[in-house]
Structure formats: C-alpha cells, structure tokens
Amino acid sequence: MIARRAFAIGFVAAAAVLAALPPLPALAAEKVTVFAAASLKNALDEVSSAWKSASGKETASSYAASSALAKQIESGAPADIFISADLDWMTYLADKTLIVGGSQVKLLGNALVLVAPADSKASVTIAPGFDLKGVLNGGKLAIADVKAVPAGRYAKAALEKLGVWDKVEGSLAQAENVRAALKLVATGEATAGIVYQTDANEEKEVKVLGVFPEDTHPKIIYPAALVAASKNPDAADFLNFLQSPEALDIFKAHGFVILAR
C-alpha cells in the first residue's frame, strides 16, 4: 500500500513537471526546392517571398541554365519543381518519366533583345541582313551556349533567320547561362549581347538596341512542372501559387508575358 501510494505521488509530481514545461516546437516544414532558369531569378525570388507571406512556407531556389538543371534532375538532384526557359528541356525530362504527368503548365513568355553597355553609342535596326558585325566593331557578342542553353539556341535561330549568323559566329563569347552573358555586356567585356527582355530590365548597366521579331525564333515559353521524385507535399501548392493572380502580377511587373490562366 505504501509503495502504491508513493508511486501515485511520484506520477502526479512528474505529470506536474511535464505540464509546466514549454510545448515542443512544431517541426519546420521542408522547403520546396525549385530548379529554375537563370532568367527567372529576380521575379521568382519575389514570388517566393509572397508565397511565404501568404502561407508561412518557404522555397529554396537554384538558378542556372535550363540544360544544366535538367541534367542535374536526371542525375538524381533533389528538386521538387522544375521551371525551364524552353519546352525542349521539359520534354527531355518528361520523356524519361522524371516529371509528374499532367502537372506541366506553360507559365510565362519572354522576348529576345540585343543589348549593349549603357554608354554605347551603337544604333541599329534589327531586320534581315542587319549590320550586327558593324555594331560589334571588332568586339565580342555575348550569348548563352548555343548548343544547350535556351537563350543561346533562341539567339542562334534568330541570327540564322536574319542571315547574319555566319558573319558574327567567329565573334561569339558564349556563356554558361543568359545572366552570365548579360554580365559580360554590363561589365564591358562584350560589345553587345543577346538576352531576354526581362534580363535587360533588371540590369541598369545595359541598354536595349532592338527587339528580335517573334517570327525569327521559336516562341519563348517557360513551362513549370512537378518533379516525379519529389516527396514534398507543399510542392503542388507552390506550383498552384505560381499560377495565381498575385504571382502572375509579379512576373508581369518584371516584364514577362503571362501564358498561364
């Protein structure tokens, strides 16, 4: 009887101590890992902040050339969402069943522009046979890798369509992604460059010399989709948020063309 009473007293005392302890913090939700084309950085960072304000959840974004990101996903990199700067690299992953079927959405569009350092005196009208070599005047044309990076492939297609590719091919300064090409122009290491309109909007050290007509290159489309290997339950919520009016307004403010409805 005495032992039973002592046990009861001890149990009550322990319960009282546990009740006085502060509650254990809830486990932090895992961040949604987003692999996105380099040209999306400024806008997508702002969208991610808006999502955090609305939901309390966070993203961890990795920006690079779409080609590099697709290859990383193929190699098993832990991504939840992929946003490419063209349809080709999304199709590349979808064909390997590395993207969740039915999750793809054509999110955004863009324009392709010719830029020069902000203090450049160059002037040109982009048209068939235009004197791009004269604009370079012996300097370099910064461009993303034409074999793999969407911005580089769009640019090569435009120059070929306009009949000036052969004249400037030997003057190329190819970069790993479109933002790296933009930096070459902004720092004066390249006399001119071909980037997206949105990239030019974000860089005060460059100016736009002209916009390439839409019919000179494949339509610029940014598709977004869930990565098949993702186990994060918040990934679908963020993909939906990317298509929300709030997010699309942010993308539009940065100069993107809205394709999602």
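This report looks at one strand and a few salt bridges in a predicted model.

**Strand β6 and its neighbours**

Let's begin with strand β6, which covers residues 141–144. Both of its faces are covered: Leu141 and Ile143 are buried on one side, and Ala142 and Ala144 are buried on the other. Strand β7 (residues 172–175) pairs with β6 in the parallel sense, over four bridges. In that pairing, Ile143 stands opposite Gln174 of β7. Strand β8 (residues 192–196) also runs parallel to β6, and two bridges join them. Here Leu141 faces Ala192 in β8.

**Salt bridges**

Side chains of opposite charge can pair when their charged atoms come close. The model has nine salt bridges, and the table shows some of them.

| Pair | Closest N and O atoms |
|---|---|
| Lys52 and Glu58 | 3.5 Å |
| Lys57 and Asp234 | 2.9 Å |
| Asp237 and Lys57 | 3.7 Å |

In the pair of Lys52 and Glu58, Lys52 is partly exposed, with a relative accessible area of 42%, and Glu58 is partly exposed at 34%.

Now to Lys57, which forms a salt bridge with Asp234. Lys57 lies in the loop between α2 (41–55) and β2 (59–64), and Asp234 in the loop between β10 (221–226) and α10 (235–242), so this pair ties together parts 177 residues apart in sequence. Lys57 counts as partly exposed at 26% relative accessibility, while Asp234 counts as buried at 11%.

Lys57 also forms a salt bridge with Asp237. That pair links distant parts of the chain, as Asp237 sits in helix α10, 180 residues from Lys57. Asp237 is partly exposed, with a relative accessible area of 36%. Through shared partners, salt bridges join Lys57, Asp234 and Asp237 into one network.

Definitions and conventions. Residues numbered from 1 in each chain as written. Predicted model: local features only at pLDDT ≥ 70, side-chain atom pairs only at ≥ 80, totals over all residues. Heavy atoms only, no water. Buried < 20%, exposed > 50% of the residue type's maximum accessible area, 1.4 Å probe, protein only. Pairing = 2+ DSSP bridges. Salt bridge = Lys/Arg side-chain N within 4 Å of Asp/Glu carboxyl O.
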